[in-house]
Amino acid sequence: MKTTTETLHGGRKSMHRLTLSAALLMGAAMAAPVLADDHLKVVDTPLELTVHMHHERYTSYDESWPVELAAREMTGIALKDATIGSNSKESREAFNLLIASGDLPDIVGGLAIKDNVNRYGPEGAFIALDDLIEEHAPNIKAFFDANPDLRKAISGADGKLYYIPYLPDGFYGRGYFIRQDWLDKLGLEQPQNVQEVHDVLVAFRDRDPNGNGKKDEIPYFARQWEELIRLVTLWDGRSSGSDTYHDFFVQDGKITHPYIGEGYREGMKNLAQWYKEGLIDPEVFTRGASSRDFLLGENLGGMTHDWFASTAAYNDKVSQTVEGFNFIAFIPPASVSGVRMEEHRRILIKPDGWAISFSNEHPVETIKYFDFWFTPEGRNLSNFGVEGVHWTMVDGKPRFTDEVLKIDTSVVNQMYAIGAQIVRGYHQDYAYEEQWTNQIALDGIKLYESGDYLIPDFLGVSFNPEEQAVYDKYWPSIRTYMLERQQAWILGTGDIEADWADYLATLDTMGLNDVLTVMQTAYDRQYN
Ligand code: CA
């Protein structure tokens, strides 16, 4: 993506050329442009609105994205890039620069804007959208009428809505994967509970399932080390309340943090033991993003917890070099108390999306434009790209063209490159992903869907300024301390049982109770 981003910044001429060649590559140069579709027109006279759109993968809004050009044709509104901070990949940094400039474009969008718009909205920087939605955005209104809790979850401390979110689709994100061919070879069954997981990992360690005569297997590995901590759920602990690692969660109406729970302590004690026994990748904290690639490709890794689609895809790649390679999903093993839980799910609503700034002179046209993306046509455009170019309607459903499905770049990256699946306020359609997800992943998801393993997500709170100040004062250092201890306990440089009382006392002196109190106040206000 780096190259693309850099190329996109190379000025209008090269942008234009890039888009043309990308279109040629997809065999789309001959396709007719989007049909003018007057019922989607927002304005009779073309209108330009400026936009700040920052994401680590696309650090500005590209006016030549085919999706933008099609939306322009359909609605009469053209977005002009006015992103600040495009030379950095840090969206928060870009937002801070934008606010500091005092010069806000008509639309402010991008990654993780929720906290910012909820903070600066009530101060006057952004327009509350509630009345505008009520009067001018029937499609957005219909969504929120059907999902009132989601509306509450993203509203500001004053109860008003300041941005239109990116709404993901689908349920299960990650699942447990295991080398079924190793199990078969060793005459073992898929582990059904925490004890059986332990025994299978021991067998992977000791019985040379990759058959090279060396004791080189890495029984459990994780591309993100947090997926090791996730295993505390096998001892009824928690590792996060949402799809953000280390997040708070709600237990019987009370906000708490996973890393102060009994189950966490018990789980960490056991995981430290597993680590000591050589059942966990010794480099789990340092190997990083390439671990899955390396450990599967080298026929070394036995079990992990990771995304269905991308993990199952290794069957296509690795089976060409590792005979019999069969890495499949299995249902969450039962915890010590018999609970089968999948802690991770696709979050229902993202902190990403777009907002209308106070200086926007066309708020009605803008909300109507936002609403366009929630019409069937706008939703298809935001998900699949341009009809007739990137997809066609087959039996009433958008289907990617063979060119898109066959091209040697992931569909996700292709979509980013044309301005689809970007973090404007839109409603994702899982069908976009289903079409290129392999059968092993689809089978895995189906297996999980046939059970009832999902738990409710914590969707966050919106602080008032006083609460925000408490959170900002204490939380960052508390979190750092928690993660330091966590790593030390796994690596064996501390003993969690011996340290636990001190650990809790330290958290107390660091202000954890104050943080939990302001979160509870905000939570009660927001959700009750
Ligand atoms: Ca071996």
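Trainee: How many salt bridges are counted between domain 1 and domain 2?

Mentor: Side chains of opposite charge can pair when their charged atoms come close. The criterion here is a side-chain nitrogen of Lys or Arg within 4 Å of a carboxyl oxygen of Asp or Glu. Between domain 1 and domain 2 the count is 1 salt bridge. The model is predicted, so local features need pLDDT of at least 70 and side-chain atom pairs count only at pLDDT 80 or more, while totals for chains, interfaces and linings use all residues. Residues are numbered from 1 along each chain as its sequence is written, and side-chain values use heavy atoms, with hydrogens and water left out.

Trainee: Which residues make up domain 1 and domain 2?

Mentor: Domain 1 covers 15-169 + 348-429, and domain 2 covers 174-344 + 438-528; these bounds come from an automatic or database domain assignment. Taken over C-alpha atoms, the centres of domain 1 and domain 2 are 33 Å apart. Domain 1 puts 12 residues into the contact and domain 2 puts in 9 residues, where contact means heavy atoms within 4.5 Å.

Trainee: What area is buried between domain 1 and domain 2?

Mentor: The size of an interface is often given as the accessible area lost when the parts come together. Here that loss, with a 1.4 Å probe and summed over both parts, is about 860 Å², and carbon and sulfur atoms give 49% of it. On the side of domain 1, K152, A153 and A157 lose the most area to domain 2, together 50% of what that side buries.

Trainee: How many residue pairs are in polar contact across this interface?

Mentor: The rule finds 6 residue pairs, both residues at pLDDT 80 or more. A polar contact is a pair of N or O atoms within 3.5 Å; within protein, one must be able to donate a hydrogen and the other to accept it, and residues adjacent in sequence count only if both atoms are side-chain atoms. Elements are DSSP runs numbered from the N terminus: helices (H or I) of at least four residues, strands (E) of at least two.

Trainee: Which residues form a salt bridge at 3.4 Å, N to O?

Mentor: The side chains of K350 and D243 do. D243 is in the loop between α11 and β7, K350 in the loop between β10 and β11, 107 residues apart. D243 is partly exposed at 24% relative accessibility, as is K350 at 21%.

Trainee: How many salt bridges does a search of the whole structure find?

Mentor: It finds 25. One of them pairs R238 with E343 at 2.8 Å, N to O, and these residues are 105 residues apart. R238 is buried at 13%, and E343 is buried at 4%. R238 and E343 also belong to a salt-bridge network with R174, E227 and R230. E433 and R346 form another, with closest N and O atoms 2.7 Å apart. E433 lies in helix α20 (residues 431-434) and R346 in the loop between β10 and β11, so the pair ties together parts 87 residues apart in sequence. Both E433 and R346 are buried.

Trainee: What are the protein donors of the calcium ion?

Mentor: Donors are N, O and S atoms within 2.8 Å of the metal (3.2 Å for Na, K and Ca); water is not among the atoms, so sites may look incomplete. Here they are D208 (OD), N210 (OD1), N212 (OD1), K214 (O), D216 (OD), E217 (OE) and E217 (OE), at 2.2 to 3.0 Å. Along the chain their spacing is D-x1-N-x1-N-x1-K-x1-D-E. N210 is buried at 13%, whereas K214 is exposed at 53%.

Notes: Buried < 20%, exposed > 50% of the residue type's maximum accessible area, 1.4 Å probe, protein only. Buried area = accessible area lost by both parts, 1.4 Å probe.
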